[in-house]
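User: Can you walk me through this one? Keep it quick.

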Amino acid sequence: MRIFIDCTHTAKHTYKNTGIHRVVRELTSELFKISSTRTDIEIVAVMFDGSFMRRVTNLNQQQNDHFIKVNKYLELTKINIKVQALLFKLRNKFINLLYLSKLIYWFDSNLENKKDFLLEFEGSIVQTGDIYVIADANWDLPKTYYRFLQLLKRHKVTIVVICYDLIPIKFPEFSSKRFAKAFTKFYSDYSTLFDKVLCISNKSAEDYNNAKNQGILASNNSQIIQSFRLGCNYFKHDFFLNKENNNFGIELQRLLNKKYILVVGSLVPHKNIKTIIAAFNLLINYNYDVFLIFAGNKGWHSETDNLIESNKMYGKLIQILGSVTDAQLDFLYQNCYCLVQASFYEGFGLPVVEALQHCKPVIASNGGSLPEVGGDFCRYFSPTEPTELYEALKELLDSEIYYNNLVACIKSEYIPFSWQESAEEFLSCLYN
């Protein structure tokens with residue numbers, strides 16, 4: 001049996017390795033390893049080219065030189081993102097015009113009139129029982145993608161989607177109107193095709209079921225909804241970068257030798273940066289000697305960027321690193337004082353498990369799946385209460401004994417969940 005892993009978006013953006021891109025890369029890599037020791041399954045990474053799927057061979061070739069160049073010269077500013085979105089929209093329109101009539105003809109003439117029509121991929125027949133997993137952020141693909149999935153479904157290929165979260169549906173205020181509309185339309189239209197929905201947390205699965213009950217998503221009694229857990233030991237392809245050559249720069253290197261609070265993730269509204277800044281301002285007002293470092297892209301939301309950059313401590317005690325490589329992120333985790341995950345809502349929260357794997361204290365909000373993911377190893381606060389975050393940080397900073405006991409507890413009791421275990425759990429969901 002073949003399992004096609006659709007990684008269209010990740011394959012097109014080889015320098016990105018956070019969030020969904022990280023899940024796609026890590027999960028697919030582990031699935032390849034598992035399949036190499038088994039004869040009953042074949043894992044094929046694919047991408048949608050506008051009319052059909054084609055094999056992906058360079059999913060994990062995240063080049064440092066390319067990454068650094070992109071990070072330095074193509075910083076994701078608001079203008080840059082708008083230009084990219086416009087170009088992508090124009091490309092999709094072109095694809096629709098070019099391929100739609102061809103695909104409709106192919107679909108109608110071969111499936112409606114020729115019952116013995118066989119669907120081929122790279123010279124071999126797509127078999128009944130093959131599985132097609134929509135693992136990527138495919139809600140912005142052209143309309144031909146829907147007809148393509150219909151084509152697979154008519155050949156009795158099982159269609160599976162990984163649902164990361166339904167934030168644009170559940171909390172549209174955290175997204176642009178255009179994105180919330182496109183995301184909602186994708187799930188409302190495509191959910192009729194899904195045989196299985198694999199969510200990355202029990203909370204995400206609960207949200208999906210609720211959306212079905214509310215009529216937002218298709219209610220299909222035969223549809224199976226399950227959840228699997230994500231790993232934390234990300235692929236350190238550039239792990240040999242060390243403290244002296246990690247490309248942070250001399251000035252920033254000095255800062256990283258200080259006591260700093262780490263925030264990982266793109267600077268988007270649902271990450272609740274406002275609460276982090278408010279709590280940090282209280283720390284500074286009470287003369288705490290601590291720094292605040294953001295490791296994630298800016299430019300997605302100008303108000304969030306301005307909130308940070310207008311702070312009097314920006315460039316002094318507050319820094320935005322932008323995108324970082326895996327080795328740089330590993331270095332940041334190893335040397336941080338603690339991690340803060342203040343999100344209003346998360347479908348999982350990878351930084352939480354990554355920081356805990358490095359035995360670092362985590363202060364997280366109680367939004368979404370974060371308590372489910374962090375368990376008893378995190379200190380939680382309400383995302384709407386900056387003073388609660390301040391008090392939690394203050395408690396760490398005021399007592400070295402309390403801090404060290406917390407670290408010791410994580411070291412002795414926290415059991416990391418590997419990406420290999422995640423892939424095995426994922427396969428188990430596919431087979432059930």
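Analyst: One definition to begin with: two strands pair if DSSP finds at least two bridges between them. Also, this is a predicted model.

User: Start with bridges, then. What is the bridge partner of I131 in β7?

Analyst: T158 is the partner of I131 there. Strands β6 (residues 131-134) and β7 (residues 158-163) run parallel, joined by four bridges.

User: What order do the strands of the open sheet have?

Analyst: β3-β2-β1-β6-β7-β8-β9, seven strands with mixed pairing. β3 (53-55) and β9 (224-227) each have a single partner strand, so one side of each lacks a neighbour in the sheet. The twist averages 30° from one strand to the next.

User: Which helices pack on the sheet?

Analyst: Among them is α8 (residues 202-213), which touches β7, β8 and β9. Its direction makes about 155° with that of β9. Helix α17 (residues 419-431) packs on the sheet too, touching β1, β6, β7, β8 and β9. The angle of α17 with β8 is about 155°.

User: New topic. R2: buried or exposed?

Analyst: Buried. The relative accessible area of R2 is 9%, and the cut-off for buried is under 20%. R2 sits in strand β1 (residues 2-6).

User: And what is R2 in contact with, leaving aside neighbours within four places in sequence?

Analyst: Its contacts include E42, F121, Q127, D130 and I131.

User: Last one. How do the axes of α10 and α11 cross?

Analyst: At roughly 10°, coming within 10 Å. The two helices are therefore roughly parallel to each other. I273, K274 and I277 of α10 meet T304, L307 and I308 of α11. Those contact residues divide into four nonpolar, one polar and one charged.

Technical notes:
Residues are numbered from 1 along each chain as its sequence is written. This is a predicted model: local features need pLDDT of at least 70, side-chain atom pairs count only at pLDDT 80 or more; totals for chains, interfaces and linings use all residues. Side-chain values use heavy atoms; hydrogens and water are left out. Axes are lines fitted to C-alpha atoms, for helices over the stretch in contact, and angles run from 0 to 180 degrees between N-to-C directions. Angles under 35 degrees count as roughly parallel, over 145 as roughly antiparallel, 65 to 115 as roughly perpendicular and the rest as oblique. Contact means heavy atoms within 4.5 Å. Ala, Val, Leu, Ile, Met, Phe, Trp, Tyr, Cys and Pro count as nonpolar, Asp, Glu, Lys and Arg as charged, and the others, Gly among them, as polar. Buried means under 20% relative accessible area, exposed over 50%, partly exposed in between (1.4 Å probe, protein chains only).
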